[in-house]
Amino acid sequence: MAKNVMEDASLVNQIKAGTHIEGEVKSSGDMRIDGTLKGKIQTQGKLVIGPTGKIDGDISCQNSEIHGVINGKITVTELLSLKSSSKLLGDIVVGKLAIEPGAQFSGSCVMGNAVKGLYNGNGHETAKERNERKAETVA
């Protein structure tokens with residue numbers, strides 16, 4: 001049985017071009033999206049948005065490579081790579097960021113070790129954390 005679990009962990013979930021999904025998608029493995037998704041994506045693995053991929057909603061993942069279009073907040077715990085064909089309209093919370101020439105990005109970005117201190121596990125700063133940070137800034 002352990003052999004089947006290891007084989008399943010190496011598979012990539014795919015949403016092909018021409019597919020349109022509305023709703024919330026959660027996965028423990030890697031994902032590739034070449035279709036259109038309106039909603040929230042949460043994965044513990046790597047997320048690849050292909051050149052024809054379009055996301056309208058928030059994203060949370062470990063690593064991500066973007067070739068397509070995103071309209072929403074993206075939270076990546078490790079590396080976010082914006083390729084030359086990518087268009088991102090929204091905020092970024094990321095450990096590391098790589099942007100190729102030609103990539104388009106409009107929004108704010110919080111990057112590096114500060115992310116772990118400012119944001120809780122789902123990438124959103126709590127009111128308590130925000131107030132504590134403001135108090136430290138004033139002091």
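This note sets out points on the predicted model shown above.

1. Basis of the model. The model is predicted: local features require a pLDDT of at least 70, side-chain atom pairs count only at pLDDT 80 or more, and totals for chains, interfaces and linings use all residues. Residues are numbered from 1 along each chain as its sequence is written, and side-chain values use heavy atoms, with hydrogens and water left out.

2. Confidence. The average pLDDT of the chain (the predictor's confidence in each residue, from 0 to 100) is 83, and 73% of the residues score at least 70. Over residues 1–7 the pLDDT stays under 50, and the model has zero contacts beyond four places in sequence for this stretch; contact here means heavy atoms within 4.5 Å. Residues 117–123 also have a pLDDT below 50, but the model gives this stretch 14 contacts beyond near neighbours in sequence.

3. Overall composition. The chain contains three helices and 16 strands. Both are DSSP runs, numbered from the N terminus: helices are H or I with at least four residues, and strands are E with at least two. Of the 139 residues, 33% count as buried, where buried means under 20% relative accessible area, exposed over 50%, and partly exposed in between (1.4 Å probe, protein chains only). The accessible surface of the chain is about 8,300 Å², and carbon and sulfur atoms hold 52% of this area; such areas come from the Shrake-Rupley method with a 1.4 Å probe, and for residues only the protein chains shown count as cover. Among the contacts in the chain with a separation of 6 or more, 2% are accounted for by residues 24 or more positions apart.

4. The six-stranded sheet. An open sheet has six strands in the order β2-β5-β8-β11-β13-β15, with parallel pairing. Its edge strands, β2 (20–22) and β15 (104–106), each pair on one side only. Neighbouring strands of this sheet are turned by 5 degrees against each other on average, direction ignored; the axes are lines fitted to C-alpha atoms, for helices over the stretch in contact, and angles run from 0 to 180 degrees between N-to-C directions. Two strands pair if DSSP finds at least two bridges between them. β2 and β5 run parallel and are joined by three bridges, and I21 stands opposite L37 in β5.

5. Strand β4 and its partners. β4 (residues 30–33) pairs in the parallel sense with β1 (residues 12–15) over four bridges. V12 has D30 in β4 as its bridge partner. β4 also pairs in the parallel sense with β7 (residues 46–49), over three bridges, and the bridge partner of R32 in β7 is V48. In a regular strand the side chains alternate between the two faces of the sheet. In β4, M31 and I33 form the covered face, whereas D30 and R32 form the uncovered one.

6. D34 lies in the loop between β4 and β5. D34 is buried, at a relative accessible area of 15%. Leaving aside residues up to four places away in sequence, D34 touches I15, K16, A17, G50, P51, T52 and G53.

7. Loop residues G68 and S86. G68 is found in the loop between β10 (63–66) and β11 (69–71), and S86 in the loop between β12 (74–82) and β13 (87–89). G68 is buried, with a relative accessible area of 2%, and S86 is buried as well, at 1%. Not counting residues up to four places away in sequence, G68 touches I49, G50, P51, G53, S85, S86 and K87.

8. Loop residue G39. G39 is placed in the loop between β5 (36–38) and β6 (41–43). C-alpha to C-alpha, G39 and E24 are 5.4 Å apart, and in sequence they are 15 residues apart. The residues that G39 touches, not counting those up to four places away in sequence, are G23, D56, G57 and D58.

9. Cysteines. The disulfide count is zero, a disulfide being a pair of cysteine sulfur atoms within 2.5 Å. C61 is buried, with a relative accessible area of 3%, whereas C109 counts as partly exposed at 34% relative accessibility.
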